[in-house]
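Hello,

Here is the structure I promised to pass on.

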Amino acid sequence: MTAREKHLVELVDDGGRVLGETTVAAAHQPPGRLHRAFSVLLVDPRGRILLQQRAAVKTRFPLRWANACCGHPLPGESLVEAANRRLAEELGVDPVDLTEVGVYVYYAEDPATGRVEFEYDHVLRADVPADLPIRPDPDEVATLRWVDPHELEAELDVDPRAYAPWLGGVVNRLLRPARPVADVTRTGAPADKAPERSGGG
C-alpha cells in the first residue's frame with residue numbers, strides 16, 4: 001500500500017455534505033464509499049486540455065488516459081490547496097488559479113485492479129500559458145499530450161476503454177458548465193452517453 005492510500009478522505013452524501021472520513025484505500029474497496037474528490041483540467045491558450053496517461057503502477061485504471069490530475073482533499077482541506085498540491089506532486093506544476101466548473105458524481109469498477117471509484121468529483125479548471133513548465137513524476141504519469149476537448153469527446157465514443165471512466169463527465173462539465181451538476185451514472189460517462197460498463201457496475 002502506498003503512503004497516499006493511507007491518507008484520509010471525506011465521506012459525503014449525494015449532496016456533498018460531510019458524513020465522516022476513511023482512508024483512500026478503504027474508500028476504494030468494493031462496493032466503494034462516496035467521497036470527495038477533484039479533477040483538474042489545465043487549458044492552454046488554444047483551448048486544448050492536458051491529458052496524462054496514468055502510470056502503470058497506479059492502483060486504479062493504470063495506463064488509461066485522464067485529465068491533468070485528480071486527487072482527494074484531506075478532511076478540512078480546501079479544494080484549491082489540495083489540487084495545487086497534487087499538480088505539484090504529479091506534474092511538477094507551480095500553483096495555478098483554479099475555478100470550479102461543476103460537480104460530477106460517478107461510480108466505476110476497475111476490472112484490472114478490482115478497485116472502485118465512487119466519487120463526488122469537483123471539476124476544476126485553470127487557464128495556463130502555452131509555455132507552462134511541466135515536470136511529470138514517472139511514478140504518477142507515463143506520458144502527456146494536449147488535445148482539443150471537442151475532438152476528445154469523439155475519441156471517447158470510439159475507444160472508451162483507452163480512457164479513465166470519469167474523463168467523459170469531466171470534459172462534459174468543462175464544455176457544458178451550465179448543465180446540472182450532480183447526475184450519478186454507473187459508467188463514468190454522462191448519463192446520455194454511456195459507452196462503457198465499468199466492471200458491470
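Start with Phe118: this residue is partly exposed, as its relative accessible area is 21%. That value falls in the range between buried, under 20%, and exposed, over 50%. Please keep in mind that the model is predicted.

Phe118 has a ring partner, Tyr107. Their ring centres are 5.5 Å apart and their planes meet at 75 degrees, so this pair is edge-to-face. The cut-off for that label is over 60 degrees. Tyr107 belongs to strand S7, while Phe118 belongs to strand S8 (residues 116-127), so the pair ties together parts 11 residues apart in sequence. Tyr107 is buried, with a relative accessible area of 5%.

How many aromatic pairs are there in the model? The count is four. Tyr106 and Trp166 make up a tilted pair, with 6.1 Å from centre to centre and 35 degrees between the planes. Here the link is between distant parts of the chain, 60 residues apart. Tyr106 sits in strand S7 (residues 99-109). Trp166 is in the loop between helix H3 (149-158) and helix H4 (167-175). Both Tyr106 and Trp166 are buried.

One last item concerns a charge and a ring. Arg145 has its charged end over the ring of Trp65, at 4.5 Å from the ring centre.

Best wishes

Technical notes
Residues are numbered from 1 along each chain as its sequence is written. This is a predicted model: local features need pLDDT of at least 70, side-chain atom pairs count only at pLDDT 80 or more; totals for chains, interfaces and linings use all residues. Side-chain values use heavy atoms; hydrogens and water are left out. Rings of Phe, Tyr and Trp (its six-membered ring) pair if their centres lie within 6.5 Å; planes under 30 degrees apart count as stacked, over 60 as edge-to-face and the rest as tilted. Helices (H or I, at least four residues) and strands (E, at least two) are DSSP runs, numbered from the N terminus. Buried means under 20% relative accessible area, exposed over 50%, partly exposed in between (1.4 Å probe, protein chains only). A charge sits over a ring if NZ of Lys or CZ of Arg is within 6 Å of the ring centre and within 35 degrees of the ring normal.
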